Amino acid sequence: MTAPRRRGRAHEVRAALPWLVPTLILIVGVVLYPAVLMGWTATRKYNAYGVERGPAGWDNFVGPAGALTFPTVPIPQILINTVVWVVVVVAITVALSLLLAQFLNQKFRGRKLLRLVIILPWASSVVMTATVFNYGLQTDVGLFNRLLVDTGILEAAYGFTKNPTSAFWVAVFVAIYVSLPFTTYTILAGLQAVPEDILEAAHMDGANRFQRYTRIVLPMLRPALLVATLINIINVFNSLPILKILNETPGYNTGHTTTTLIFEYKAQLGPGVASALSLVNFAFCLVVIAIYLAAVQPTKEV
Amino acid sequence: MARFATTGLAVATVVALALTGCSGGAAPTASTGADGTLSATTIKILAPSYSESSKSDWQKIITEFKTKQPNVTVELQIEGWDDFSSKVQARIQAKDYPDILNDNAFAGAAEAGLLYPVNEVMSANTLASIEPALLKNGMGTDGKQWAAPDIASSRMLAYNTDLFAQAGIAKAPTTWSELAADAQKITALGGDIHGYGLPLGKEEAQVESSLWLWGAGGDWVQGNKLVANQPAAVEAFTEMKKLVDAGVTQPNAGATNRQQAADLFNNGKLGMMLSHSGLLKETRAKFPQTKFAVAPIPSKNGDPVAFGVTDFILAFNNGDANRKEATKQFLDLMYSDSMYQTWYAGTGLLPVTTSMIAKGKASDTDNAAFYDALSYVKFLPVGDPKWDALQKALQGTAGTITSDTPENVLAKIQAQVDAQG
Amino acid sequence: MAATRRRGGIDQPPNPIGIALGSLVIVVFFAFPYALMLISSLKSREDIAKIPPDYLPASPQWDNYLTVWASNVAPGGALLATTVIALGATLLVLLVATPAAYYIARFRFPGRLAFLFLVLITQMLQPTVLAVGLYQEFSSWRGPLVWVALILINAAFNLSFAIWIMQAFFASVPKEVDEAALIDGAGRLQTLFRISLPLVWPGIVTAIVFVFVNTWNEYAAAFILVQDPALQPLTVAMPRFLGLYVRDWQYLFTTAMVAVVPVIILFAFIERRLIGGLTAGAVK
């Protein structure tokens, strides 16, 4: 660690390259290149069938049928939804995962099996989990609905997926549900790194369980927790299938986020407008991330 | 379960190897044979899955075609209906045009100049074999035949005869007021039974609302424009909303797809719905306890309305004479009686060739009413490139009449259409 | 005070009733949708659309688990495709991400932050958003080559997580451990593989599971890229059970149940390795 510091900057970069080049190739070739293509697409005019019709200027963003100006689309509501969606899903996911991880970190018989059980929503794809919730929540053929009625919780079967507000909150539930395994697992892995002897020492010094958790465990979990939260924010922000499958209400209703709106646009207005909204969406995501990073300042640790 | 998985893997490996072997054989250099065989080329087919047998139905034609043109490789891609249009969109955008596309729209591709007129890729005989009334549906607003229908279906009112008897209704309704009254009586039977199935969800809102519009004596086409916000449409939407507000439709009408209404119907929970031969074939096969009959669709004044849909064969211009010729020979083969009969039967829908229609009328008593309706059906304006915008707006927004006024809903639909120029 | 301390004591065995109750809640919460999936997979096509639905199938159709393989969708091939792609992508990510994560955890160099930021951006751009561009880039990769395309895509889009999580774990290993090895004459790579990797095993396992499962479940890229039905992975093949009129929900759920099994097996296996790696780490 001391030697490289004395050498020149160019040399440092050259030393780093062999370790980083495979990553750079993959990122540039498979992520950035199609992203640039998408930027180009946003400036071109298309019909809904996907046929290109020349340059579009800013029409795909703010034209008569632009991403932000298409009539009857409740844009402010959808922006609010997006923020609510990300904040609620991520916050509850992280809180529940901390609890779950703590529970599963205890030594008891069957914990291994229990760890396998919590992985279920992850092992079964998001698409399938959302599909089975959709199926169970149907008013007619849905067993969850029947169960709710039979237990007296509901008076009559309710179309959870058939109106935007309830569909949105059902989707929030399912989004938390499918995010739990990954988050719990990451925190669990982080918990393994907390040395038993430090906890023991704190215990000897008279720290109670809560103190030990907040003063020792949480700080040591910080790197894993930060990464898990960050990844969750991004994944939840970009999540398409959950809302798409669970919100059966057609059209530009109030149950959308900016990500699902992209796909509504893609179907109705074609790839140009969809790409334009993708770019706006990306900028929006950057803002959310920037706020998060400013709040937690992870670079201090890194 | 693990054992089954292994079996599946073994099967899959064999399939994968077989397919790899066959697509690897096509080299782009062969020459035309003297016996009429084409030099090596590949044609691509993109088609939706109508039923379980769709893939094998196409495969039969391909196998037969291969015996005639051994050098031509046929790439078949079958996709589910749910995301079919986005699949088509992706291919078109990447300029990876299928030679043969089986779809329910053609105007957008025709307007963009991507297609061969079908008379260039089908022999005169083949074109002549298609029922003229149906063939006309594949004509663009420019008067050119851009698509050939491959299957047809018509819509009729299907009603549960047991429920009608229980409610003391003697015959199927012919007018809107009779329909509303009958729906009321059936709903009054109680037990989670609904009078009328109104699927205004994304899948088929354009069909349901068009039928009510036609029932009011209106038409989307006004002069040479498509107009959503018009008095007849307001009347039609008001009538639908009346049923919803009276509580005689299934719950959540604005978010119900036709399949979900059909599930209710199959289980004897629905008095009436607008249905087609494909859905009723399933009812007959799997729900024999549900007794039903079909009747013409009621309208405001009692004149029967019938709705026709055809799906189409589109041939994309890939600028390759060899592929074009192979496409032509393939399509001619496909529409030949022996091939076409099994192919269309697999879809569960009605045929489009005159010979098969005649044969179907004679033998397919289950669908007799649907065959009869083919003579007076009305089609959606699918040949108009603007129809796409109106259809999408209807699909997305018509369902909101459950919570909004008909005037507002139609104004929104019009605004979306207008915004797209 | 003493009493409190004892109750909260570290070596005190956890409260068995609390454990039992907690376990029960967790099992119910995490298993109920899959119970529905299992029940539905055993129903006949008539039962699956029955109104009102039965809690249990009238007679369990175990046959579904046999007949599904011969159905039009042929999910066996899809299972193979998914397995190949998921394994390929996981392997590729490990190969590419490990050296990068190790290096950025160990060294400050010009452009390090820029690199980390680039990696983060990658995570923000997902296949769902880039669908159009990905198709334009990879549409000519036909036949089995399409699996290679999907391996590249899944690897690229999961790379960022692997790098971030692994570098966090590498950073937590004291540098002195590495330096001791270097002084002993081991090369950088050797140090990485012999010394650091075993110590960050939990992080690597997390990365493996993450990449594998994400790839196993990936939908958007596979949907737009794989034209040949025989090469489609499970996520894309399964919706084909839902035809225009015939909606074979029971087969959809049958296949979904089968698809869960390999992931659970992988997980059970890796969990054991994880515990092993941990004890090794604890000994130091």
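A salt bridge, as I use the term today, is a side-chain nitrogen of Lys or Arg within 4 Å of a carboxyl oxygen of Asp or Glu. Keep that in mind for the first part. The model is predicted.

I start with chain C and chain B. Between them there are two salt bridges. One of these joins the side chains of Arg45(C) and Glu282(B), with 3.4 Å from N to O.

Which helices of chain C give two or more residues to the side that touches chain B? They are H3 (45-48), H4 (64-70), H5 (75-106), H7 (127-138), H12 (220-225) and H14 (249-283), each of chain C. H5(C) provides the largest share of that side, namely four residues. Sorted by class, the chain C side has 22 nonpolar residues, eight polar and eight charged.

Now the extent of this contact. Chain C puts in 38 residues and chain B puts in 47. About 3900 Å² is buried between the two chains, and carbon and sulfur atoms give 60% of that area.

Last, one residue in chain A. Ser275(A) sits in helix H14 of that chain, which covers residues 271-296. Is Ser275(A) buried or exposed? Its relative accessibility is 3%, so Ser275(A) counts as buried, the cut-off being under 20%. Setting aside neighbours within four places in sequence, Ser275(A) is in contact with Met38(A), Thr41(A) and Ala42(A).

Key: Residues numbered from 1 in each chain as written. Chains lettered and ligands numbered in written order. Predicted model: local features only at pLDDT ≥ 70, side-chain atom pairs only at ≥ 80, totals over all residues. Heavy atoms only, no water. Contact = heavy atoms within 4.5 Å. Buried area = accessible area lost by both parts, 1.4 Å probe. Nonpolar A, V, L, I, M, F, W, Y, C, P; charged D, E, K, R; others polar. Buried < 20%, exposed > 50% of the residue type's maximum accessible area, 1.4 Å probe, protein only.
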